Amino acid sequence: MLILLPPSEGKADAGTGRRLDLARLSLPELTLVRQEVLAALIGLSGGDEAAALAALGLSAGQRGELARNARLDRAATAPAGQVYTGVLYEALDLASLPAPAQRAARRAVLISSGLWGAVRLTDRIPPYRCPIGAKLPGVGALSAYWRRALAPAMAAAAGDGPVLDLRSGAYAATWAPRGEQAGRTVTVRVLHERDTPTGPTRSVVSHFNKATKGRLVRDLLVAGARPRTAAGLVTALRDLKYTVEEQPTPAGRPRQLDVVVTEL
């Protein structure tokens, strides 16, 4: 099983170990593209401040992010699983997983990134700021740039097993499984159901959507779930007591699941 996660805007303050070495990251076929994107980000961040802030969607109070970006090629690194610290990763709580679940996470999880394309939890990267919606000099829109580069690497990483795709929309757009592989892919939307005077209503709550996805991955890893098909993945979620509703899906498209929760 391959589990695809989004990155988080929240990141560790600094790395703790050796400098960045792109050649040591997973999916080595992406090395040249990573070099191009990294060089463009460093150049942008070390240039005109106003232009860089605008391109990266930062406020004037976040100019410190530019200084950090400008020295990424010589910055200390940490495992990606420690660099990302947002709501999903807090709920996943990798450090507290039992050893077998940690090993399973290292095998199964890939994290999408506007800067790296995709990395595994153990890949050593420095903290950075580079949203997928950014446009970099010489590179252009990152979503389109990665869409051209990622397809072979991601298809190979997915192999012939099920794919649990928990990426947000902008990151999901960088790689969409095709054909038979799409049929083995499951996407998840989290809905909060609550009672109102006119009856039950459902809504998407961003913060809780991320937290639920983190807990969902954690539960699968702790349970040692190893589904071999998309249907088996759906069954595994139901066995873990998640309320799962399948939505109609056209042929050749990923299966769409609603996970319904009643408590925030």
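**Close-up views of a predicted model**

**View 1. Aromatic pairs in the structure.** A search of the whole structure turns up three aromatic pairs. The model is a predicted one. Two tyrosines, Y84 and Y89, form one of the pairs: their ring centres lie 5.7 Å apart and their planes meet at 25°, so the pair is stacked. Y84 and Y89 are both buried. Y84 also pairs with Y128. Here the arrangement is edge-to-face, with 6.4 Å from centre to centre and 90° between the planes. This second pair links distant parts of the chain. Y84 sits in the loop between helix 4 (80-83) and helix 5 (87-92). Y128 sits in the loop between strand 5 and strand 6, and the two residues are 44 residues apart. Both Y84 and Y128 are buried.

**View 2. A cluster of rings and a lysine over one of them.** Ring pairs join Y84, Y89, W116 and Y128 into a cluster. A charged residue is placed at one member, Y128. K11 lies over the face of the Y128 ring, 4.6 Å from the ring centre.

**View 3. The salt bridge between R129 and E65.** Across the whole structure, a search finds eight salt bridges. One of them is shown here: the side chains of R129 and E65 meet at 3.4 Å, N to O. The partners come from distant parts of the chain, 64 residues apart. R129 belongs to the loop between strand 5 (124-125) and strand 6 (135-136). E65 belongs to helix 3 (residues 64-70). Is R129 buried or exposed? R129 has 11% relative accessibility, so it counts as buried. E65 is buried as well, with a relative accessible area of 16%. A network of salt bridges links E65, R68 and R129.

**View 4. N69 and its contacts.** N69 has its place in helix 3. Its relative accessibility is 0%, so N69 counts as buried. Which residues does N69 contact, leaving aside its neighbours within four places in sequence? They are L41, I42, S45, L56, Y128 and R129.

View 5. D165 and R167 meet through their side chains in a salt bridge of 2.8 Å, N to O. D165 has 7% relative accessibility and counts as buried. R167 is buried too, with a relative accessible area of 6%. D73 forms a salt bridge with R74, and their closest N and O atoms are 3.4 Å apart. D73 is partly exposed, with a relative accessible area of 41%. R74 is also partly exposed, at 47%.

**View 6. T122 in its loop.** T122 lies in the loop between strand 4 (117-120) and strand 5. Is T122 buried or partly exposed? T122 is partly exposed, with a relative accessible area of 42%. T122 touches P79 and R106, not counting residues up to four places away in sequence. T122 and Q82 are 40 residues apart in sequence. In space, their C-alpha atoms are 8.8 Å apart.

**View 7. Strand 12 and its two partners.** Strand 12 covers residues 255-261. How many of its seven residues are buried? Five are, and the strand is mostly covered. Strand 9 (residues 185-196) pairs with strand 12 in the parallel sense, over seven bridges. L191 has V260 of strand 12 as its bridge partner. Strand 11 (residues 243-247) runs antiparallel to strand 12, and five bridges join the two. T243 stands opposite V260 in strand 12.

**View 8. Helix 10 from end to end.** Helix 10 spans residues 206-223, 18 residues in total. From its first C-alpha to its last, helix 10 reaches 26 Å. That is close to the 26 Å expected at 1.5 Å a residue. Which residues of helix 10 are buried? They are F208, N209, A211, T212, K213, G214, L216, V217, L220 and L221. After helix 10 comes G224. The phi of G224 is positive, near 70°.

Methods. Residues are numbered from 1 along each chain as its sequence is written. This is a predicted model: local features need pLDDT of at least 70, side-chain atom pairs count only at pLDDT 80 or more; totals for chains, interfaces and linings use all residues. Side-chain values use heavy atoms; hydrogens and water are left out. A salt bridge is a side-chain nitrogen of Lys or Arg within 4 Å of a carboxyl oxygen of Asp or Glu. Helices (H or I, at least four residues) and strands (E, at least two) are DSSP runs, numbered from the N terminus. Buried means under 20% relative accessible area, exposed over 50%, partly exposed in between (1.4 Å probe, protein chains only). Two strands pair if DSSP finds at least two bridges between them. The expected span of a helix is 1.5 Å times one less than its number of residues. Contact means heavy atoms within 4.5 Å. Rings of Phe, Tyr and Trp (its six-membered ring) pair if their centres lie within 6.5 Å; planes under 30 degrees apart count as stacked, over 60 as edge-to-face and the rest as tilted. A charge sits over a ring if NZ of Lys or CZ of Arg is within 6 Å of the ring centre and within 35 degrees of the ring normal.
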